[in-house]
Amino acid sequence: MTGADLALLLLILAGLALRGGGMLLAVRLRPDHPMVRWAASVALATLAAFVAASVLAPAGALAGIPFAARLAGLVSALAVLAWRGGLLAPLLAGLGVTLGLAAAL
Amino acid sequence: MIFRTACREALGAPALAMAATFLAFGAAVQAVGLGLGWALASALLVYGMPGQMVLVTAVATPGGALPAVLGAATANARFLPMAVALTPWLGKSKLRWLALPFIAVTPWAMAMRRLPGLPPEHRLGWFLGFGLTSWLVAGGATIIGHVIAPFLQAWMLAALLFVNPLYFALILAGETRAAPSRRAVIGGLCATPLVLLLPPAWALLAAGVVGGTLAFLWGQFLSGQSVSGQAIDRR
């Protein structure tokens with residue numbers, strides 16, 4: 001077993017512990033329990049921070065897309081969402097604007 | 001049948017977001033010289049993209065894999081609050097444990113929108129259908145990404161990676177109709193500077209905990225409830 005294999009195995013076990021631990025912790029709680037509402041709040045806030053960081057200052061390959069293209073793509077996706085709802089059309093619109101601007105800039 | 005309905009729901013925008021992200025992941029694994037088996041095991045058994053990416057980046061540096069496990073696990077630590085928030089919606093049956101491998105951002109985010117509106121007896125079936133479909137899409141996309149990696153240009157990889165934040169932004173925009181979710185999103189946005197300032201492995205979790213906790217306390221303050229006086233329900 002290589003170092004990469006062992007690292008992967010440990011990460012798999014960590015994920016199992018985190019998911020299983022969360023399920024065990026919540027198994028006797030109602031959906032409106034304060035701990036459940038706190039956990040949902042943390043999970044949503046994490047997601048919001050991830051989206052904001054991905055647009056404002058991404059790392060890795062994503063940084064290859066100019067900021068203006070990322071921002072315009074996000075705004076376009078949200079505008080189409082507000083205009084006609086759904087998820088697929090806003091997603092494709094946002095991606096299209098991002099790619100179009102990235103090519104032009 | 002609710003299982004099939006959920007499978008169909010997973011095959012729209014959620015599948016596109018999953019496929020794009022895992023395609024990019026499969027390509028990233030191939031780029032650092034690891035095999036398809038490693039890529040597939042990571043995609044399906046870790047099934048948490050930030051941790052996966054932290055690990056695959058670390059294995060590219062000699063001796064970097066094992067020290068990176070802690071960082072990768074921390075990057076995926078959001079599984080814990082997600083599982084806590086989701087489990088009460090899955091009912092009391094022991095079959096709810098089947099949902100464990102499918103707890104990830106996309107199925108979780110959709111479940112938190114859909115499950116409250118479903119009859120209790122349909123909730124677990126919906127989550128299993130949606131989760132299994134998303135999981136299979138992720139696995140298939142990882143295989144394709146690994147195979148086509150040599151043909152992908154940098155801008156294509158970047159575009160694939162941008163699908164995920166776009167998709168989550170749309171999910172969050174839908175969530176903001178409910179006041180507690182709106183507060184959580186605002187809290188997360190306000191805590192984003194932490195992501196930019198702290199070490200990458202745990203910056204996202206720190207922002208989530210700080211932003212989410214402040215949003216929760218804000219809600220408690222508004223509703224006039226005391227957090228400290230409440231114990232875990234042992235019904």
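**Core and contact of chains A and B**

Biologist: Which residues touch the most other members of the largest nonpolar core?
Modeller: A:A49, B:L55, B:W108 and B:L166, in a core of 131 residues. A nonpolar core here is a set of buried Ala, Val, Leu, Ile, Met, Phe, Trp, Tyr and Cys residues joined through C-beta atoms within 7 Å. Buried means 20 or more other C-beta atoms within 10 Å of the residue's own; exposed means 12 or fewer, partly exposed is in between, and C-beta atoms are placed from the backbone.

Biologist: Which helix gives this core its largest share?
Modeller: Helix 2 of chain A, residues 34–56, with 17 residues. Helices (H or I, at least four residues) and strands (E, at least two) are DSSP runs, numbered from the N terminus.

Biologist: And which domains of chain B does the core draw on?
Modeller: At least three residues come from each of domain 1 (2–173) and domain 2 (176–226) of chain B. Those bounds come from an automatic or database domain assignment.

Biologist: What should I know about the model itself?
Modeller: This is a predicted model: local features need pLDDT of at least 70, side-chain atom pairs count only at pLDDT 80 or more, and totals for chains, interfaces and linings use all residues. Residues are numbered from 1 along each chain as its sequence is written, with chains lettered from A and ligands numbered from 1 in the order in which they are written.

Biologist: What pLDDT does chain A average?
Modeller: 89, and 100% of its residues score at least 70. pLDDT is the predictor's confidence in each residue, from 0 to 100. In chain A, helix 2 is lowest at a mean of 88. Helix 3 of chain A (residues 67–84) is highest, at 94.

Biologist: Back to B:W108. What does it touch?
Modeller: A:A43, B:M82, B:L86 and B:I103, leaving out residues up to four places away in sequence. Contact means C-beta atoms, placed from the backbone, within 7 Å.

Biologist: How many residues does each chain put into the contact?
Modeller: Chain B gives 82 and chain A gives 68. On the chain B side, helix 9 (residues 154–175) has the largest share, 17 residues. That side has 63 nonpolar, 15 polar and four charged residues. Ala, Val, Leu, Ile, Met, Phe, Trp, Tyr, Cys and Pro count as nonpolar, Asp, Glu, Lys and Arg as charged, and the others, Gly among them, as polar.

Biologist: New topic. How many helices and strands in chain B?
Modeller: 12 helices and zero strands. Of its 235 residues, 55% count as buried. The C-alpha atoms fill a box of roughly 55 × 45 × 30 Å along the principal axes.

Biologist: Is B:G26 buried or exposed?
Modeller: Buried, because 28 other C-beta atoms lie within 10 Å. B:G26 sits in helix 2 of chain B, residues 13–31. Beyond neighbours within four places in sequence, its contacts include B:A39, B:A141 and B:H146.

Biologist: What about the phi of B:Y47?
Modeller: Positive, about 55°, although B:Y47 is not a glycine. B:Y47 lies in the loop between helix 3 (36–46) and helix 4 (49–58) of chain B. B:Y47 is buried, with 26 other C-beta atoms within 10 Å.

Biologist: Last one. How many residues of helix 5 of chain B are buried?
Modeller: Eight of 11, in residues 65–75. Among them are B:A65, B:V69 and B:T74.

Technical notes
Contact = placed C-beta atoms within 7 Å.
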